[in-house]
Amino acid sequence: MKRTTLLLAVLFISFSLAACRNSPPTLSLLVWEGYADPSFVHGFEISHHCKVVASYMGSSDELVAKLRGGSAANYDVISPSSDVAASIVKAGLAAPLDLSRIPSYVQLSAGLRDSSLVKANDQVFGVPFMWGPNSLLYDTSVFPQPPDSWNILWDPKYRGKISLWDELSSIYMAAQVLGYDQPDPGQLYNLSDAQLDAVKKKLIELKPNVRKFWSTGGELTNLFQNHEIVLAMGWPLNTAQLRKLNFPIGETIPKENTTGWIDHLMITSASKNRDLATEFLAYMVEAKTQKLVSDVTHYTPANPGTAGYLSSDEQKSLHLDDAAADMTHIYFWQDVPRRAKYNEIWNEVKAAQ
């Protein structure tokens, strides 16, 4: 009886180990919302016999906090924006890439590919993925014509009817309203104490109009869909989601221009699946995949070859017909040397009564 029991135990352990060995590998992502949609991720899972699981971040600071807080080993692939990409590289939180295994890298927009944001010691730590603006979104049933200025957010007529992103972009936007982007737009990311105090005062003046600070794209979409708000700073992703729901949403870049982001895909230095993660990056920057990502997010792909899969109207909508001209209206996020001070100001705005 003991021999039989022992034999059964050995067989059970053997089958369990075999099951573990045969289970598909899992690739874990910490990315912006929309970057792990099944419409394009499922194809990779099938072709590479793996499983992709994703967590979504609500801000660049959330991403950095998780990586620095000991959670880096939980993720293989991340999608930092241009405001924190360089600091992630400097902190040793990203792994260098073997570009020979990412064939489409040479096809990516030269202006994005040649950026120094994700380069150090003659190595490249990220591939440009998507870019876009932080647009002014508006309910077209309330605004038949697009609002032409960010100042509309302060109009007392819209008390309790706007939403602000719970992120430093709201500071940049208020600084633009105050003219601190002139003559150098880069000043938005290196404001003085006096300028930050003025921005804080300006944002506190806006609070009576704020229905809610949104953290995720889905949250903002719901605020519009439920008719709780009529104006917000948002993403093209929200516009795409709301149009699919037949909501009357409009999107514009005001006369003051706006800020925007360039998202990169990186592999964490703590990843245990670097080979699979490299293949995932290669897949995600292929023109065909980039088209599928844009279908979901309405963001502009880093691979200009995506235009070959789009109609002329779609190319225009995604700024691929004249990307250089559109970029002149977008002040892309940069590293913020005093990020802690900016976050302090933003927290004081949210806490103000």
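**Packing in the core and between helices**

Guide: Ile88 touches Leu63, Val64, Leu67, Ile78, Pro80, Leu93, Ala94 and Met266, leaving aside residues up to four places away in sequence; contact means heavy atoms within 4.5 Å. This is a predicted model, in which local features need pLDDT of at least 70 and side-chain atom pairs count only at pLDDT 80 or more, whereas totals for chains, interfaces and linings use all residues. Residues are numbered from 1 along each chain as its sequence is written, and side-chain values use heavy atoms, with hydrogens and water left out.

Visitor: Which residues have the most contacts inside the largest nonpolar core?

Guide: A nonpolar core is a set of buried Ala, Val, Leu, Ile, Met, Phe, Trp, Tyr and Cys residues joined through side-chain atoms within 4.5 Å. Here the largest has 107 residues, and Ile88, Leu153, Ile171 and Leu231 have the most contacts inside it. Helix H10 (residues 274-284) supplies the largest share of this core, seven residues.

Visitor: Is Thr268 buried or exposed?

Guide: Buried means under 20% relative accessible area, exposed over 50%, and partly exposed in between (1.4 Å probe, protein chains only). Thr268 has 0% relative accessibility and therefore counts as buried.

Visitor: How are two packed helices described?

Guide: One gives the angle between their axes and the distance between the axes. Helices H7 (residues 193-206) and H14 (residues 339-351) pack at about 25 degrees, with axes 9 Å apart. H7 is therefore roughly parallel to H14, a term for angles under 35 degrees.

How values were computed: Helix = DSSP H or I, 4+ residues; strand = E, 2+ residues; numbered from the N terminus. Axes fitted to C-alpha atoms, helices over the stretch in contact; angles between N-to-C directions. Parallel < 35°, antiparallel > 145°, perpendicular 65-115°, else oblique.
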